[in-house]
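Work through the exercises below with the model open. Try each task before reading its solution.

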Amino acid sequence: MAELSKEDVINYISNMTVMELSELVKELESKFGVSAAAPMPMMMAGAAISGGEKKEEEKTEFTVNLTAIGDKKIQVIKEVRALTGLGLKEAKDLVEGCPKPVKENVPKEEAQKIKETLEKVGATVEIK
């Protein structure tokens, strides 16, 4: 029996149909007791080994976004002016152009106060 080279085997396999190749893989798995399943990516393996306990850095700066005005547009504009120091036109443009950020990069406590203030006058706000 003539010995086959790797190239001969690769050429033979490349001419097989998908079904024939699938059957070949199953037979090889059975004969050698292995699985042809793709290995887990290293990042996933690292997370599995460490128990997935990678602690996320605590966020210190937040953005307060006005997502909806509500039915008290004038009061929302007044509060936005008071909170941001914007002029009347700028505050009106911000409110009418929502969803828009009202304040960015503020501490959590300040973001929460801004949200509460705007929600009291009927606006919808989210903190990111």
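**Exercise 1.** Explain why Lys-115 and Glu-119 are separated by about one helical turn.

*Solution.* Start with the element: both residues lie in helix 6 (residues 108–120). They are four residues apart there, so about one helical turn separates them. Helices here are DSSP runs of H or I with at least four residues, strands are runs of E with at least two, and both are numbered from the N terminus. Next, check the contact: Lys-115 forms a salt bridge with Glu-119, with 3.9 Å between the closest N and O atoms. The criterion is a side-chain nitrogen of Lys or Arg within 4 Å of a carboxyl oxygen of Asp or Glu. Lys-115 is partly exposed, at a relative accessible area of 22%. Glu-119 is also partly exposed, at 37%. (Buried means under 20% relative accessible area, exposed over 50%, partly exposed in between, with a 1.4 Å probe and protein chains only.)

The model is predicted: local features need pLDDT of at least 70, side-chain atom pairs count only at pLDDT 80 or more, and totals for chains, interfaces and linings use all residues. Residues are numbered from 1 along each chain as its sequence is written, and side-chain values use heavy atoms, leaving out hydrogens and water.

**Exercise 2.** Find which parts of the chain the pair Glu-96 and Lys-73 links.

*Solution.* Take the distance: the closest N and O atoms of this salt bridge are 2.5 Å apart. Now place the partners. Glu-96 sits in helix 5 (residues 88–96) and Lys-73 in helix 4 (residues 73–84). They are 23 residues apart, so the pair links distant parts of the chain. Glu-96 is partly exposed at 36% relative accessibility; Lys-73 is partly exposed at 34%.

**Exercise 3.** How many salt bridges does a search of the whole structure find?

*Solution.* The search finds six. Among them is Lys-103 with Glu-110, whose closest N and O atoms are 3.1 Å apart. Lys-103 is partly exposed at 24%, and Glu-110 is partly exposed at 31%.

**Exercise 4.** In what order do the three strands form the open sheet?

*Solution.* The order is 2-1-3, with antiparallel pairing. Strand 2 (100–106) and strand 3 (124–127) are the edges, each pairing on one side only. Pairing requires at least two DSSP bridges between two strands. Strand 1 (residues 62–68) and strand 2 have four bridges.
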